[in-house]
Every structure is written in C-alpha cells, then in structure tokens.
Amino acid sequence: MDSTHEPKSLSTNLFYLFLLLSTNLLTLFLSSTFYSSSCSLNPIYTTTTFTKSSSRSTNGFDGTGNPDTPQATIDLPSEFLAFSSGQVLPLGFNANFNSDTFHPSVGQACTRFPDELSRFMTYKVNGSCPDDELSAQKLLLKGCEPLPRRRCRPAAQPDYVEPYPLPTSLWTTPPNSSVVWTAYTCKDYTCLINRKKTQKGFDDCKDCFDLQGRESNRWASRQIIEGSLDFTIDEVLAAKNPGTIRIGLDIGGGVATFAVRMRERNISIVTTSMNLNGPFNNFIASRGVVPLYISISQRLPFFDNTLDIVHSMHVLSNWIPSTLLHFLMFDIYRVLRPGGLFWLDHFFCVEDQFLDVYKPLIESIGFIKLKWVVGKKLDRGAELREMYLSALLEKPLKNSW
C-alpha cells in the first residue's frame, strides 16, 4: 500500500536544521550569562592595574642618573586583586550604578604598602584568618581604609560566653573571654582597669575601662556651672525641644560612656573608636551599644542631614593636620540635620594656634554658637599656654545650605 506522506522538500529540512542550531546557541548564551552569577566562587571580573609612582629627585632623574620611569606596576597579592578588581554584574547593566561592573571599595593608600598588604591578604580561603589585629590596624591607620574584605574566619576566643543582658551590661565589666588579647599589653580586664596605677607611659584613654572610676561620673552631673568647660548631657539636651535629639554619633568615644548615658535617655548613639592598645570596640559592644571601627580620616558613613547630634571629646585637637580637620568639620556639618547639634568637648591647642588657626577654621563652617567656653590647661604649667575649647554649635535650622 502506498504511503500517504509526501517527502519533505530540501528547503523544509534546512529550515528545521537552522531552527535546531539557533535554539542550542540561544540556550548556550543564556546559560553563560545567567549562571555565571555572584553565587559562583569564580565570578567574572575585569582586570584592574594598580601602579605606584616612582620617587623623583629635583632634577627628574633617579640616583643612577637614569630618567625615572613614570609608573611601576606593584606586585599585589592575588586575594587583593580578586576582591578589588571590577566584578561584572551577572544580570548586565544596572541603572543604579550606571554600569555593568561593580567596583568594590578599598582604601587608595593600600597599594602604597605592598608588603603589609600582602601579609594581610595572605591566608587560606575558607579557612581561619591570621591573628593579625595589630598589624591590620596599623595598615588601616596608614590610610588603607576601608581594609579589603577577606574570605576567612576572624580569630575568636574558643570559650566565648553570652554577654550580660541589658541593662546590667551597661555598667558591668564584660568577661575576659569576649576578647582575643594577642594585640594588647594587658591580657585581661583587671589589668586594663588598674593600668593607670600600675603602668608607666602613655596609653590612649588609660583609665576608661574602670567603670567605677571617673567614667561613673562623666557627663552625669545635674549641676550646671556657668563658664565650666564640662558641659552636662542634660544641659546640652535642654538647648533643643524635648524629644528632638534622638540619634547621633560620638567620634572617638573611648568606651562609649557618652552613648550609654544617652541610651539611658532613650537616645541612640553610634561610637567610633580604634583599638589603641585596648579592646575598645569589644568593650563597647559588650556594654550593649554600637561601635564603629573607623578612623578620623574616613568619610562619616551617614547620609546628609540625618543626625540630631555629633559629639567628640579630646580626639579633635591640634594633632590633626589643619586641612584634614577642616574637611572633618565640614563632614560633621554634612551629616547633621538642620537644627542639629555639634558638641565639641575639650578641643586642645595652644593660645596662638587657637587665635590664628582653629577659631577661624571652626567659625568658617557655618555653625551657630550656642555655648563657647575657652579655658586654660594648667596641669603642665602656665608657661606652655595650653588651652581647651568646649563649644555647643548648631547647624542652622533654615538656610543651612
């Protein structure tokens, strides 16, 4: 019996072959685009070349008499390049970035210290990080801020215990097991509490860890003394309508006693601190308030016109280069909302510096002076002409721009 099917024409067969090939190619394209995602341990990234300028003598030649090479490529660790190189976005162009590539944030100065950077970025991926807090902090303070991320687990005490509950934690020394002590001279909190009495030499905030000592009275007085450099928290809060100071920042806040005092008044304060020969960030967190591990060089990580109050005691002073201090003061102005308060607490300098540099610098920012008290610092002798400024400054409520 004859078949009822007509043989297919050559053109029809070629059409089906083309369709099959096109489908396979489209599948291959889609799989390479959508499955090379950020979930992969080997994402697609663009190559970033880091260079350093060679040092130049005044005549444009190096010590050998040869012209300087304009730039020399730095040999950087592979983990640093893996983190810092531009990462291709798995879903393509992103209108929020205005790019199809994501560039992770890393301190520009990191590449100036390749040996330290190499030590920091040398570790076993998915393993334990080296116990390198001290060297990592030194790298950060040199300008490698933020430090690059790492793919390893940080050092931690094996016998860590849960912190004390609130409100007990606010005024209780935490257990020693909350800290990895390798980076510090003291190896427990008893040593830190007693170090002002037992240790010679200078340490930042040397008596801060003694919560039963000077910290127990700091900013707590209910008595307002006219002309005193020591403003009280209640005195400062009285400058604004009740309840309008709600959130803020304490720059270089030691062990965060300022934040604790404010928390007792239902005000949330973030405290910046470094770990200068003491576990300040661990201690702050153990008390139940928020630490922020950034230096005074870092742009404040808050949006414009958002904070009600910024406080800083002793940290802002004449040890900071005046240009950097000018930038920092404007950054404080930036993050304060209109009507927000800047409490400059015990700014240290000498009299000539104050009149010639710091008074004009502070006045140039645009704050309104609510309190402005200048006093002599006499503990090392009047002949040094050392002084403090304590000021309560307000960002204008209207026309602050």
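**View 1. Lining of the largest cavity in the predicted model.** The largest cavity is lined by I251, T272, I294, S295, I296, Q298, L300 and L328. A cavity is a set of points, on a 1 Å grid over the protein atoms alone, where a 1.4 Å probe fits but cannot get out, and lining residues have an atom within 4 Å of a point. The volume of the largest cavity is about 40 Å³; a volume is the space filled by probe spheres set on the points, which are joined across faces, edges and corners. The structure contains 1 cavity of 30 Å³ or more. The lining comprises 5 nonpolar, 3 polar and no charged residues, where Ala, Val, Leu, Ile, Met, Phe, Trp, Tyr, Cys and Pro count as nonpolar, Asp, Glu, Lys and Arg as charged, and the others, Gly among them, as polar. This is a predicted model, in which local features need pLDDT of at least 70 and side-chain atom pairs count only at pLDDT 80 or more, while totals for chains, interfaces and linings use all residues. Residues are numbered from 1 along each chain as its sequence is written, and side-chain values use heavy atoms, with hydrogens and water left out.

**View 2. The second largest pocket.** This pocket has a volume of about 790 Å³. A pocket is an open set of grid points with protein on both sides within 12 Å along at least five of seven lines. Of its 31 lining residues, E133, R150, P154, A155 and Y293 lie nearest the centre. Helices α4 (133-141) and α8 are the elements that each give two or more residues to the lining, and α4 provides the largest share, 4 residues. Helices (H or I, at least four residues) and strands (E, at least two) are DSSP runs, numbered from the N terminus. By class, the lining has 19 nonpolar, 6 polar and 6 charged residues.

View 3. Helix α8 (residues 280-287) is largely enclosed by the rest of the structure, because 6 of its 8 residues are buried (under 20% relative accessible area, 1.4 Å probe, protein chains only). The buried residues are F280, N281, F283, I284, S286 and R287. They pack against α5 (189-198), α7 (257-263), β6 (268-272) and β7 (290-292), with contact taken as heavy atoms within 4.5 Å. Just after α8, G288 adopts a positive phi of about 100°.

View 4. M329 belongs to helix α9 (residues 322-335) and is buried, with a relative accessible area of 1%. Leaving aside residues up to four places away in sequence, M329 touches F342, L344, L361, I362 and I365. Its C-alpha atom is separated by 9.7 Å from that of S364, 35 residues apart along the chain.

Key:
Buried < 20%, exposed > 50% of the residue type's maximum accessible area, 1.4 Å probe, protein only.
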